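These are my notebook entries on a structure that I went through one topic at a time.

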Amino acid sequence: MERIRVRLHYGADVWQLSVAVAAVVAALPVITILGLSFSPAENIWPHLIETALPRYVGNTLILVVGVGAAVFLTGVTTAYLVTTFEFPLRRQLEFLLLLPFAFPSYVIAYLYTDLLEFSGPVQGLLRHLFGWELARDYWFPEIRSMGGAILLMGLVLYPYVYLMARASFLEQSPHYRDACRLMGRSHFRTFLFVSLPVARPAVAIGVALALMETVNDIGTVEFFSIQTLSVGLFDVWLNMNNLGGAAQISMVTLTFILILIGVEYSGRRKARFYQSSGRFIPTERVALAGGFKWGASLLCLLPVLFGFLVPMVVLVGNSVAYFDQSWTPAFRSYAANSLFVSLTVAICCTVLAVVISYTKRLHRGNVPLALSRLVSMGYAVPGSVLAVGIVVSLGWIDNSLDGFFRDRFGFSTGLLLSGSAFSIILAYVIRFMAISIGNVDSSFSKVSTSIDMASRTLGYAPFKTLRLYHLPLIKGGALTAVLIVFVDCMKELPATLLLRPFNFETLATHIYQAASDEQIERAALGALFIVLAGLIPVILISRTISSSRQLFQRSG
Amino acid sequence: MTTVLTVQDITCHYGEEKVVRDVSFELESGALACLLGPSGCGKTTVLRAIAGFQPLLFGKIELHGRCISSPAVMIAPEKRNLGMVFQDNALFPHLTVEKNIAAGLHARKPSEIRDAVGRMLHYVRLERYSGRYPHELSAGQQQRVALARALAPNPRLLLMDEPFSNLDVELRERLGQETRDLLKETGTTCIMVTHDQQDAFTFSDVVGVMRDGNICQWDTPYNLYHEPATEFVANFVGDGTFLDAEITSSDRIKTDIATHRGTIRNPEDIGKSVKLLIRPDDVVIDGDSEIPARIVRRTFRGENYLYTLALAGGQTLLSLMPSHQNHEVGEDIRIRLEIEHLVYFRAT
């Protein structure tokens, strides 16, 4: 018998190896934090627990509960209104309600502070109208407070809930509702009895995602002097110069995140069972009458007004007014930095995502799947925590490299990785891989596996199969991934702030700096750039992207 | 005749579960074979193993005498020179018909490719559609393009996975016949997988009936119907009912209603209780017969009626009669059994 040595899995092993490497790199920062927090150079656990930690945890808890309630109420109410009822401007509002997504929370915080503080135009107008002169002459709510932070973050984060809830309400068979009404329940009771419970897993996912963003935020809370965990981490690291302490605070933050991941995961598991299995039945919306219909319009208009229109008007106004002071060579270099880093990361993430998704297709086993899940975990790790892990692990690699080169070749390589934009790029890639994997996975899943088998039997090896028959079909999804990751990178503040090399500014850090210097007007142009970029994914989400998808949908 | 494919005692598993156990068969050059069985019987796994997508736990697959799969050897699918046709046709949606058919023709001169594509288009009678995209074709046309694409590189063996099951009844029979003619014309060796007995009978020279990962019988369609090897095959292939019977001598078998003559191949069966297979076409109406039966159900099938008959002892029979012999439900008739092939199984 002819005995042939064939290494079928050889090519495939390269795929699996890349996925394994990606997983290790993605997990490294968190593992480093684990190690460091339990064996720090200087143990500040006791000190932390005695002093600041309860305050950090308490504030974070209040913020999370507050923002959670705000996004839940806003997101579910608006989603239910636009999916169930017919009222003036409903179709426009269905899209407009997504717009606040475009604002990073720190930008909206800076804008509203400028608008509402003592010297701002709103209080100025009130003083002018009523003849007040001093702050003690009248009462005005302080925007730079816990309440203000909850309100403003809720205002830009509710679209997570809105999106998930809306999709869920649309998917629900209208027969649920019809059955409920026939049993004699009112609209509102029907909502409580069936629509909301069925949507609950989806809503939980939305709330969990919004709260991950809340825990991640540093720009807003720092500006408002609310001592949350991320502000504490910032303080312990930069002001007290205690990296071990920062790692210990990170551990506490990660506990919060772990709970949120748990909520999200169980939501996703349940959502699968709740999905209507039958054919899609178009929902007939109930036309509202009289006052109700205008009430519904108004209710949906409020978040759009305060979450998008007002800040946008201020932003455009300031951008125009301060254009000459803003449009400087320095500004252009910040913008170039932002573009360079974001584009690099977007492309890296998408290429990696294609490799990971395709490996999952080649190997139907559990290992690639588990590794891919691990890589996707990065989205949950707050930027500041990620920064601690990256600085420590890259610092270790840099020192080893430096020592090696000094011993062998007599020169120093310095902080090759941790002192360059590489660390920012790495942080972004880890944080945003989940987005690209999600998008690329879903495009891959639309390609029948018999396409793979057809290509293989026609004589194409795995890589050629990918290039010739998959890439053209997943192009749309890959492009979406590039765009969304790009925009998220443009907005990212916490990790950038902590990791940027000396004299390296992006648009986000530039805005942060200007706000710290009380010169927020001069940052308007940069913020406008970021917000305009932020509109791209909103538009992508709102309409079914890429005409190619329809073309490529199998008709048989 | 040369042997193209040898499948020898192959066993495949998914996780803990063995989905294919000790399956063996051979294919001669130019043979059209079919694996027939209910869903989950392992037939598609056998096909995937031959194509190289499914590793073997035990056994061996040889193509033209060369081992392509064994627990130690696994030649990549792209190195096997096989053609494959899929249930969902798997045409590349971003390529035209012409480009789809040319997909397997690598490293050939453009003129050769053009000729080969032209020839294939002619075979499947789609010359006018060469510039169309798959979604612009009907389901039948798409499946013909898929066939052309698989045949264009002159594969050593063609594999078809439920190729006609997405088509409507009339079309699938026509396409099955056409495909058979085309493969015979090109001398292609082919193995098809289906759960539909009609597809299998229309298309193939030889059929393997599978159940629970095993091949129960590997035979011609005629023999499968008239001489099924197991009760499962008898039930799965064609209609029929069983009558309790006893083998009384080396050429006689006795039921409650009659005694039949035929050859009893296994002398050990003499004197044993068995179940005798009665096909609907074994039962004919005969006014002179002494066997009474009552019609309990009637299904109109166009050219004939399928009657369900109740015998005096409570047993039921199926009977196929030309539709001009019209009897009402509840009518009492007399019947005769004309059994050409005695098929019986030991009563359990």
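**Entry 1: a positive patch.** Before looking I wrote down what counts as a helix, namely a DSSP run (H or I) of at least four residues, with helices numbered from the N terminus. I also noted that the model is a predicted one. I then looked up the positive surface patch and found that Arg200(A), Arg269(A), Lys270(A), Arg272(A) and Arg373(A) form it. Which helix gives the most to this patch? It is helix H12 of chain A, residues 243–274, which supplies three residues. Lys270(A) is found in helix H12 of chain A, and I recorded Lys270(A) as partly exposed because its relative accessibility is 36%.

**Entry 2: chain B as a whole.** I noted that chain B has eight helices and 20 strands, and that its C-alpha trace spans about 75 × 45 × 40 Å along the principal axes. Of the 348 residues in chain B, 53% are buried. Among the contacts in chain B with a separation of 6 or more, 65% are between residues 24 or more positions apart. The chain exposes about 15,700 Å², and carbon and sulfur atoms supply 46% of that area. I also looked up the charges of chain B, where the mean positions of the 38 positive and 47 negative charges lie 6 Å apart.

**Entry 3: positive phi angles.** I kept in mind that most residues other than glycine have a negative phi. Glu518(A) is not a glycine, yet it has a positive phi of about 55°, and I located Glu518(A) in the loop between helix H22 (507–516) and helix H23 (524–542) of chain A. Is Glu518(A) buried or exposed? Its relative accessibility is 57%, so Glu518(A) counts as exposed. In chain B, His64(B) also is not a glycine and has a positive phi of about 50°. I found His64(B) in the loop between strand E4 (58–63) and strand E5 (66–69) of chain B, and its relative accessible area of 42% makes His64(B) partly exposed.

**Entry 4: salt bridges.** The count over all chains comes to 26 salt bridges. Glu94(A) is buried because its relative accessible area is 13%, and Arg90(A) counts as buried because its relative accessibility is 5%. I then found that Glu86(A), Arg90(A), Glu94(A) and Arg166(A) are linked in a network of salt bridges.

In chain B, Arg174(B) forms a salt bridge with Glu178(B), and the closest N and O atoms are 3.9 Å apart. Arg174(B) and Glu178(B) are four residues apart in helix H5 (residues 169–186) of chain B, so about one helical turn separates them. I recorded Arg174(B) as partly exposed at 46% relative accessibility, and Glu178(B) as partly exposed at 23%.

Lys184(B) forms a salt bridge with Asp205(B), with the closest N and O atoms 2.8 Å apart. This pair links distant parts of the chain, 21 residues apart, with Lys184(B) in helix H5 and Asp205(B) in the loop between helix H6 (197–203) and strand E9 (206–211) of chain B. Lys184(B) is partly exposed at a relative accessible area of 37%, and Asp205(B) counts as partly exposed at 24% relative accessibility.

Definitions and conventions
Residues are numbered from 1 along each chain as its sequence is written. Chains are lettered from A and ligands numbered from 1 in the order in which they are written. This is a predicted model: local features need pLDDT of at least 70, side-chain atom pairs count only at pLDDT 80 or more; totals for chains, interfaces and linings use all residues. Side-chain values use heavy atoms; hydrogens and water are left out. Patches are made of residues with over 30% relative accessible area and no salt bridge: like charges are joined within 9 Å, nonpolar side chains (Val, Leu, Ile, Met, Phe, Trp, Tyr) within 5 Å. Accessible areas come from the Shrake-Rupley method with a 1.4 Å probe; for residues, only the protein chains shown count as cover. A salt bridge is a side-chain nitrogen of Lys or Arg within 4 Å of a carboxyl oxygen of Asp or Glu. Lys and Arg count as positive and Asp and Glu as negative; His and the chain ends are not counted. The place of a charge is taken as NZ of Lys, CZ of Arg, CG of Asp or CD of Glu. Helices (H or I, at least four residues) and strands (E, at least two) are DSSP runs, numbered from the N terminus. Buried means under 20% relative accessible area, exposed over 50%, partly exposed in between (1.4 Å probe, protein chains only). Contact means heavy atoms within 4.5 Å.
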